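Reader: I am new to this structure and would like to learn how to read it, one feature at a time. Could we look at it together, please?

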Protein chains: 2
Amino acid sequence: MAGDISIGELSRRAGVKVTTIRFYEGAGLMPAPPRSEGDRRLYDAGHVRRLSFIRHARELGFEMEDLRTLLELSDRPGGSCGPVDEIAGRHLAAVEDKIAKLTALKGELSRMLATCSHGAVAECRVIEALADHSHCGGEH
Amino acid sequence: MAGDISIGELSRRAGVKVTTIRFYEGAGLMPAPPRSEGDRRLYDAGHVRRLSFIRHARELGFEMEDLRTLLELSDRPGGSCGPVDEIAGRHLAAVEDKIAKLTALKGELSRMLATCSHGAVAECRVIEALADHSHCGGEH
DNA sequence: GTTGCATCCTATAGTCACTGTAGGAGCAAG
DNA sequence: CTTGCTCCTACAGTGACTATAGGATGCAAC
């Protein structure tokens, strides 16, 4: 099981930068692995799996705090997956919310650009739209 | 023109926190205003307009660096609004890109949750999907 | 055996856009 | 005069890293 993978090799296999791996170790997401005589970190296949899990979850936008819980749960396969669903569900809702906000934003930006006559700043619709916050829900 | 607005009043009028206003001053987005005898900042209607502009642009996701350029341009109304369009266009593209990514993400999260049987962690599809990065474009 | 280079080590500071806290001073009302 | 709010500066903390400095190690070529 101990294939003795260096941090650089782990980095390549999981697609996570070396410095980020060390950062994850300090943050408690990755365990402190055994060391070689020359004080270098020695990883194995289990570490590759764990780091890939972390990478994927981070790409999906899960926060490190969520990750801590998720990793803890996946380490104890006997427990209920209710908390996992809860975290994923909460995250899904946040993603949907963000999509809605960005879509509204896209509309506003497109409209700004479409109505701009591309002349002088004085008549620029973009600047005007940014200065005018009458229709952006600014509570005075 | 000098209505002598306190930082708290400016905060309420523009919808930006007091601490954030001071931060913007340090960051060069807001000018250092005149002070009262007791060393308090004294703002006027122009400051309210400028801060509202900043707030709106920030809400639309423009970065402070973009804001610096945008503010500089809006201060010189005679110039061409080409750079403004360029910044807004670049930002619109970034927003569209983000929407696309989040939509894909939403699909993956929904699928994960839908296929989970809500039993033990051992059979949890969510954990499994996170551990398996075969279909997430992970190079190697 | 030594030279040279890639990789590794720790520790610290910087990023962005703020937010929070500590420890005071100013000011208006009761 | 005291209470309580607003204001002041200065600095530390957030999240999730990234970058840099200044070495030590390991391995292959010469």
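Author: Let us begin with the surface near DNA strand D, where H2(A) supplies the largest share, three residues. Helices (H or I, at least four residues) and strands (E, at least two) are DSSP runs, numbered from the N terminus, and a residue is near a molecule or strand if one of its heavy atoms lies within 4 Å of it. This is a predicted model, in which local features need pLDDT of at least 70 and side-chain atom pairs count only at pLDDT 80 or more, while totals for chains, interfaces and linings use all residues. Residues are numbered from 1 along each chain as its sequence is written, chains are lettered from A and ligands numbered from 1 in the order in which they are written, and side-chain values use heavy atoms, with hydrogens and water left out.

Reader: Which elements each supply at least two residues of the surface near DNA strand D, and which residues come nearest?

Author: Helix H2 (18-27) of chain A and helix H1 (7-14) of chain B each supply at least two residues there. DNA strand D has 17 residues around it, and those that come nearest are A:Thr20, A:Arg58, B:Ser6, B:Gly8 and B:Arg22. Sorting residues by class is another way to read such a surface: Ala, Val, Leu, Ile, Met, Phe, Trp, Tyr, Cys and Pro count as nonpolar, Asp, Glu, Lys and Arg as charged, and the others, Gly among them, as polar. By that scheme, the surface near DNA strand D has nine charged, four polar and four nonpolar residues.

Reader: Which parts of DNA strand D do the atoms within 4 Å of the protein belong to?

Author: Of those atoms of DNA strand D, 81% belong to sugar or phosphate, and the rest belong to bases. For individual atom pairs we use the polar contact, a pair of N or O atoms within 3.5 Å; within protein, one must be able to donate a hydrogen and the other to accept it, and residues adjacent in sequence count only if both atoms are side-chain atoms. With A:Met64 it is a backbone N or O atom that lies 3.4 Å from a phosphate oxygen of DNA strand D.

Reader: How many residues surround DNA strand C, and which are the closest?

Author: There are 16 residues around DNA strand C, the closest being A:Ser6, A:Gly8, A:Arg22, B:Thr20 and B:Arg58. Of the atoms of DNA strand C within 4 Å of the protein, 84% belong to sugar or phosphate.

Reader: What is the area buried between chain A and chain B, and how many salt bridges are counted between them?

Author: Buried area is the accessible area (1.4 Å probe) that two parts lose on being put together, summed over both. Between chain A and chain B it is about 4,600 Å², of which carbon and sulfur atoms give 73%. In chain A, the residues that lose the most area to chain B are A:His56, A:Val121 and A:Leu130, together 14% of what that side buries. A salt bridge is a side-chain nitrogen of Lys or Arg within 4 Å of a carboxyl oxygen of Asp or Glu, and the count between chain A and chain B is zero. H5(A) gives the most to the side of chain A that touches chain B, with 19 residues.
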